[in-house]
Amino acid sequence: MEESVFLEHVGDSPRMRVLQYLIEGRDFDYTLTDMLHAGVSWGTLNQLIPKLLELGMLAKTRKIGRATLYKINQNNEAVKHLIVLYDKLLLRA
């Protein structure tokens, strides 16, 4: 898989892959299964999600059956900066 411009600048880690995936689809909410498309394992994702929730970078949006859906928290200051960085890098590329 080719590394994105964003990951070249912020580092290719599981956390940044998940954040990039959520930033790309910032207007949508996702299940954990959806987030596997970010290229991380199930175990890693289950460790990351509670941490991102604790940091306020991720928010629970709703439940559908047994599945909980999550969305990037665009009100979080760190997320705001990451989105600006992502958008600027994408426009430059």
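So, leucine 19: leaving aside its neighbours within four places in sequence, it touches Leu52, Met57, Ile72 and Leu82. Bear in mind as we go that this is a predicted model. Leucine 19 sits in helix H2, and with a relative accessibility of 2% it counts as buried.

Two packed helices are described by the angle between their axes and the distance between the axes. For helix H2, residues 14-24, and helix H5, residues 77-92, the angle is about 75° and the axes are 11 Å apart. That makes H2 and H5 roughly perpendicular to each other.

Who is actually meeting whom there? From H2 you have Met16, Leu19, Gln20, Ile23 and Glu24, and from H5 you have Leu82, Ile83 and Tyr86. Sort the residues of that H2 with H5 contact by type and you get six nonpolar, one polar and one charged. Leucine 19 shows up again in that list, and Leu82 was one of its own contacts as well.

Next up, helix H4, residues 42-54. H4 has 13 residues, and from first C-alpha to last it reaches 19 Å, close to the 18 Å you'd expect at 1.5 Å a residue. Which residues of H4 are buried? Leu45, Leu48, Ile49 and Leu52 are, and Leu52 is another residue that leucine 19 contacts. The cover over the buried residues of H4 includes H2, H3, S1 and strand S2, which is 67-72. And just after H4, have a look at glycine 56, which takes a positive phi of about 80°.

Side chains of opposite charge can pair when their charged atoms come close. How many salt bridges does the structure hold? Five, and I'll walk you through some of them.

Start with aspartate 87 and arginine 26, where the closest N and O atoms are 2.9 Å apart. Aspartate 87 is in helix H5 and arginine 26 is in the loop between H2 and helix H3 (32-35), so this pair ties together parts that are 61 residues apart in sequence. Are the two partners buried or exposed? Aspartate 87 is partly exposed, at 29% relative accessible area, while arginine 26 is buried, at 19%. If you're wondering about that call on arginine 26, the cut-off for buried is under 20%.

Then there's arginine 62 with aspartate 29, a salt bridge at 2.7 Å, N to O. This one also links distant parts of the chain: arginine 62 is in strand S1, residues 58-64, and aspartate 29 is in the loop between H2 and H3, 33 residues apart. Arginine 62 is partly exposed, with a relative accessible area of 42%, and aspartate 29 is buried, with 18%.

The last one I'll show is lysine 80 with glutamate 77, where the closest N and O atoms are 3.3 Å apart. Both are in helix H5, and being three residues apart they are separated by about one helical turn. Lysine 80 counts as partly exposed at 36% relative accessibility, and glutamate 77 is partly exposed too, at 48%.

That's my tour, thanks everyone.

Key:
Residues are numbered from 1 along each chain as its sequence is written. This is a predicted model: local features need pLDDT of at least 70, side-chain atom pairs count only at pLDDT 80 or more; totals for chains, interfaces and linings use all residues. Side-chain values use heavy atoms; hydrogens and water are left out. Axes are lines fitted to C-alpha atoms, for helices over the stretch in contact, and angles run from 0 to 180 degrees between N-to-C directions. Helices (H or I, at least four residues) and strands (E, at least two) are DSSP runs, numbered from the N terminus. Angles under 35 degrees count as roughly parallel, over 145 as roughly antiparallel, 65 to 115 as roughly perpendicular and the rest as oblique. Contact means heavy atoms within 4.5 Å. Ala, Val, Leu, Ile, Met, Phe, Trp, Tyr, Cys and Pro count as nonpolar, Asp, Glu, Lys and Arg as charged, and the others, Gly among them, as polar. A salt bridge is a side-chain nitrogen of Lys or Arg within 4 Å of a carboxyl oxygen of Asp or Glu. Buried means under 20% relative accessible area, exposed over 50%, partly exposed in between (1.4 Å probe, protein chains only). The expected span of a helix is 1.5 Å times one less than its number of residues.
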